[in-house]
2 protein chains.
Amino acid sequence: MASDDLIDEELRRDLPEEGGKPDDRVDDERHDEENRLKPEFVRRVVAALEDGDKSEVYDLVEPLHPADVADLFELVGREDRSALAEAVSDLLSSEVISELNDYVREDMIDALPAYAVAEIAEQLETDDAVQLIEDLDPRDQAAVLAEMEPEDRAAIESALSYPEETAGRLMQREFVAVPEHITVGDLIDFLRDEASDPDALPTDFFEIFVVDPAHRPVGTCQLSWILRTPRHIGLTDVMKRDQTLIPVTADQEEVALMFQKYGLISAAVVDEAGRLVGQMTVDDVVHIISEEAGEDALLLSGAGDGDINEPILLTVRARLTWLVINLGTAMLAASVVGMFQDAIAKFALLAVLMPIVSGMGGNAGTQTLAVTVRALATNQLTSTNTWRAIGRELTIASANGVALAILIGGGTALVFGNPLLGAVIGTAMIINNLTAGMAGIAVPVTLERLRVDPAVSSAVFVTTATDVMGFFSFLGLAVLTGLA
Amino acid sequence: MASDDLIDEELRRDLPEEGGKPDDRVDDERHDEENRLKPEFVRRVVAALEDGDKSEVYDLVEPLHPADVADLFELVGREDRSALAEAVSDLLSSEVISELNDYVREDMIDALPAYAVAEIAEQLETDDAVQLIEDLDPRDQAAVLAEMEPEDRAAIESALSYPEETAGRLMQREFVAVPEHITVGDLIDFLRDEASDPDALPTDFFEIFVVDPAHRPVGTCQLSWILRTPRHIGLTDVMKRDQTLIPVTADQEEVALMFQKYGLISAAVVDEAGRLVGQMTVDDVVHIISEEAGEDALLLSGAGDGDINEPILLTVRARLTWLVINLGTAMLAASVVGMFQDAIAKFALLAVLMPIVSGMGGNAGTQTLAVTVRALATNQLTSTNTWRAIGRELTIASANGVALAILIGGGTALVFGNPLLGAVIGTAMIINNLTAGMAGIAVPVTLERLRVDPAVSSAVFVTTATDVMGFFSFLGLAVLTGLA
């Protein structure tokens, strides 16, 4: 059985090692109770780095799970990342690289020579290798690509030919595809044979794609279906013909929505001619889902990328751009107040109360806006139910407007002994709540129709609407009613 | 080969049907180009419902993918959901139920008699059945459970004994566990045998758990590793000993972070004694990840659940609670303005400019807050790098504060020909930006340490800080410098 033994040897090399780390990673000397690296541990690594004791650094980092090695790179300061990368370059596996924050990966890669980057890239699957290389400046990118094997280089160049954040850029080019009309037994034999060549199969795969002679997918088999089927059954009797195909040009947001909607573990990526060119797996899509869902809060606030690892100058620029735009809207709102300077000079209490009306409108508008943006992003709000949603928001705005009007109007009338002032602020509050509800849904829905990301641009318009209408309705009513 | 034929028959029944729907779901008569149901299609279904034409409704819905059936329930109005459920009760598969929005599921279930709910629940895996039943009121819950088979009932009661949003409630109780010391061949034979009993194996599974005699997990095998290994190899030579175990009491947020951090497809859930009691699979976890990541924007705005399907009274209550709390902080800020009424009466231009200072501070504070809350939620900001992050935010706040001060201070000095007024508003702008930066990070970090969800409560404190400090610094400096 010499040949079988040989296969075993090679198989073992390719399969995950046994032994390894304890099951229970939580609450040990390196982790706190929420499975994050302890500050003391990070400080020991930093101290060893500062002492230049590379072997101490290596010994500390070596027992960590790859995801924790990635976390460690994020937790040390920028200035320590390149030294850390040099000390533990052996440990920079595919899993570490794919878990690293984009900015941190750049800090790390900048420190390594082209041949070292190429060496790491070659052991990665294409999608991870692309992540590693795409952010390098063109000169470094060329240097790294030149150091790589022609086949790997071609795969990466092909990925880079697709726009960022599309399936073509993000997909794995490694997958298992087999012809129709083979049996389950043939498939299992094929996989066992291929396993002897470490590069022939992807490290992990979750389905087998069945393709026609033109390499177009005709069906898919979950591995669990194959494992419970007798050898002599044909694959076409096991496979499912109905499958979700991802166009190579699909945006990552679209891909994430498909994975969520259809509960996918992996999916085939096809080119314009419908040929199978890659696959996407859920472990990569999970990061996209989390990113896309989490970015709403950041975009609505104008915090840009919102990444605490982003170089500080980029952050300042992103946030300042937004603040300057908002300065424009604040000045517009101030000019409304300016129209009523005489009234304020006569009756300064108006200036005391006016921020309440504009502020409450702003809060109500932000609520509606957050809900609308989320519903649009998850495809829950479509042209089918837009009018129902608008009706719903106006109902809520009326109810809350009246409740707040009674509270603040009644309070004002009592505290200042001025029922007219109470009536004016109460009425202004209702008007501004309706403005907030209307703007909070109409602005993002309109922007979405115009194909502008509603999370990025809505807040400016909504805040302008509630500020301007808040000041105008309150001060205007005060003048109209002869209060001032 | 009679026995083999029998197995095939049963296997086929259990495996997905071939044939079925076309691959390309996008842009057909039912879907728009973004894979959402077309308004015309939904209107046709609603029209048929209103005509009471159940068979027309069934014919329209029958060709849809389960995920689209779920979407359809969300897109029709509340009033149509129960009639739709009655018309298509045959089509309410596990996939439909698990894809439904919580509130929509309640609308649907309320319309069905207990035996019908029990019938649907019995074909579901435990985790989906629990979702169906957990929101029923106790009387309906008891009625449905009474209609179920004892074994299914016991599984659901066990799940309900764990708190909501914990692994014990969310896990699947169906999984594949095998003893150590069997070979790959033994395992494949076992799975083929079990496959003849439709209830013996979960519908889908992605790994095999290897357990010791006390049913504690000792290792895990991805199905792809089994498929590429010769039959005579022992499972312990293929399995990975190092695996992520989820405690049955783990909160869903923790589970979601583990799946993301370790790139898991599925994972074992263990009880206090370390025994395997269930599994969680990534298709369920993606919904949690998306929900947890997306809720930041909603919580920060005080929009509660932020679900457009939530009954309107619950929405009004959630949002009004938040608005009333904010009314308190708005009144506090107004009282600061009240201290300067005399100054404003003398120099009304102060009232015109003061909202700019408080508003810009609010914007800057919201930016820092959104970034901090996201970094805390993703475990990127831990006690290890808190001080570094605070330093970073104060640097950004200083830079942006100075930039805005020059813009607005210079502008004010020029437009109103009053350099002192320009200097006052510029200085106040710097002070308020620093306040915003400090509060935007210190408030959520402190709340997190106190184990209060920073996304829920931070915004009130931060806005109060920027409003109060904005008015106080600007008006105070104006008085101090003798402007008014």
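This report walks through some salt bridges in the structure above and then visits one threonine.

## Charged pairs

Keep in mind as you read that this is a predicted model. Side chains of opposite charge can pair when their charged atoms come close. How many salt bridges does a search of the whole structure find over all chains? The search finds 28. Three of them are listed here, with the distance between nitrogen and oxygen.

| Salt bridge | N to O distance |
|---|---|
| Arg81(A) with Asp107(A) | 2.7 Å |
| Asp68(B) with Lys261(A) | 2.5 Å |
| Arg169(B) with Glu134(B) | 2.4 Å |

Is Arg81(A) buried or exposed? Its relative accessibility is 2%, so Arg81(A) counts as buried. Asp107(A) has a relative accessibility of 12%, so Asp107(A) counts as buried too.

Next comes the salt bridge between Asp68(B) and Lys261(A). Asp68(B) belongs to helix H4 (residues 66-75) of chain B, while Lys261(A) belongs to helix H16 (residues 252-262) of chain A, so this pair joins two chains. Both Asp68(B) and Lys261(A) are buried.

Because Arg169(B) lies in helix H12 (residues 167-170) and Glu134(B) in helix H9 (residues 126-134), the pair ties together parts that are 35 residues apart in sequence. With 11% relative accessibility, Arg169(B) is buried, whereas Glu134(B), at 22%, is partly exposed. The line between these two classes is drawn at 20% relative accessible area, which is why the two partners get separate labels.

Salt bridges can also share partners: Asp32(A), Arg36(A) and Glu448(B) are joined in this way into one network.

## A look at Thr386(B)

Now for a residue in chain B, Thr386(B), which has its place in helix H21 (residues 386-415). Thr386(B) is buried, with a relative accessible area of 7%. Which residues does Thr386(B) touch, not counting those up to four places away in sequence? They are Leu381(B), Val445(B) and Arg449(B). Val445(B) is 59 residues from Thr386(B) along the chain, and their C-alpha atoms are separated by 8.2 Å. The side chain of Thr386(B) also reaches the backbone oxygen of Thr382(B), at 2.9 Å.

Definitions and conventions:
Residues are numbered from 1 along each chain as its sequence is written. Chains are lettered from A and ligands numbered from 1 in the order in which they are written. This is a predicted model: local features need pLDDT of at least 70, side-chain atom pairs count only at pLDDT 80 or more; totals for chains, interfaces and linings use all residues. Side-chain values use heavy atoms; hydrogens and water are left out. A salt bridge is a side-chain nitrogen of Lys or Arg within 4 Å of a carboxyl oxygen of Asp or Glu. Buried means under 20% relative accessible area, exposed over 50%, partly exposed in between (1.4 Å probe, protein chains only). Helices (H or I, at least four residues) and strands (E, at least two) are DSSP runs, numbered from the N terminus. Contact means heavy atoms within 4.5 Å. A polar contact is a pair of N or O atoms within 3.5 Å; within protein, one must be able to donate a hydrogen and the other to accept it, and residues adjacent in sequence count only if both atoms are side-chain atoms.
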